[in-house]
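Here is a short note to read alongside the structure. Take the points in order and look for each one as you go.

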Amino acid sequence: TMEVDHRGLVRGVGRFQLKKLGTDSTQFCWIEQLVFPLYFGGRLGEYAARPIMTPIWRASLRRFRQLVEADAS
């Protein structure tokens, strides 16, 4: 497990976890717990940003997976 402390405009913690599933496979889990400031809409801003940020994070994870799998071969 590795944690990242976000200290910018949006604060919170990101967590990356690796879990061994078998002899040749690993599960990668990425968890973000972010808090939007009131001038970004607070909790409402968090909900509004979710449909925008989810595809961006998924694309980042896809690129990360490609890099890891290319390096492994």
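1. A word on the model: it is predicted, so local features need pLDDT of at least 70, side-chain atom pairs count only at pLDDT 80 or more, and totals for chains, interfaces and linings use all residues. Residues are numbered from 1 along each chain as its sequence is written, and side-chain values use heavy atoms, with hydrogens and water left out.

2. Start with strand β1 (residues 2–7) and strand β2 (residues 11–20), which pair in the antiparallel sense over six bridges. Strands are DSSP runs of E with at least two residues, numbered from the N terminus, and two strands pair if DSSP finds at least two bridges between them. Three residues lie between β1 and β2, which form a hairpin. Within this pair, M2 stands opposite F16 in β2.

3. Now widen the view: the open sheet has three strands in the order β1-β2-β3, with antiparallel pairing. Because β1 and β3 (26–35) each have a single partner strand, they stand at the edges, and one side of each is left without a neighbour in the sheet.

4. Next, find the nonpolar surface patch of about 440 Å², made by L18, F28, L61, F64 and V68. Such patches join nonpolar side chains (Val, Leu, Ile, Met, Phe, Trp, Tyr) within 5 Å, from residues with over 30% relative accessible area and no salt bridge (a side-chain nitrogen of Lys or Arg within 4 Å of a carboxyl oxygen of Asp or Glu). Areas come from the Shrake-Rupley method with a 1.4 Å probe.

5. Which helix gives the largest share of the nonpolar patch? Helix α1 (residues 42–72) does, with three residues; helices are DSSP runs of H or I with at least four residues. V68 lies in helix α1.

How values were computed: Patches are made of residues with over 30% relative accessible area and no salt bridge: like charges are joined within 9 Å, nonpolar side chains (Val, Leu, Ile, Met, Phe, Trp, Tyr) within 5 Å.
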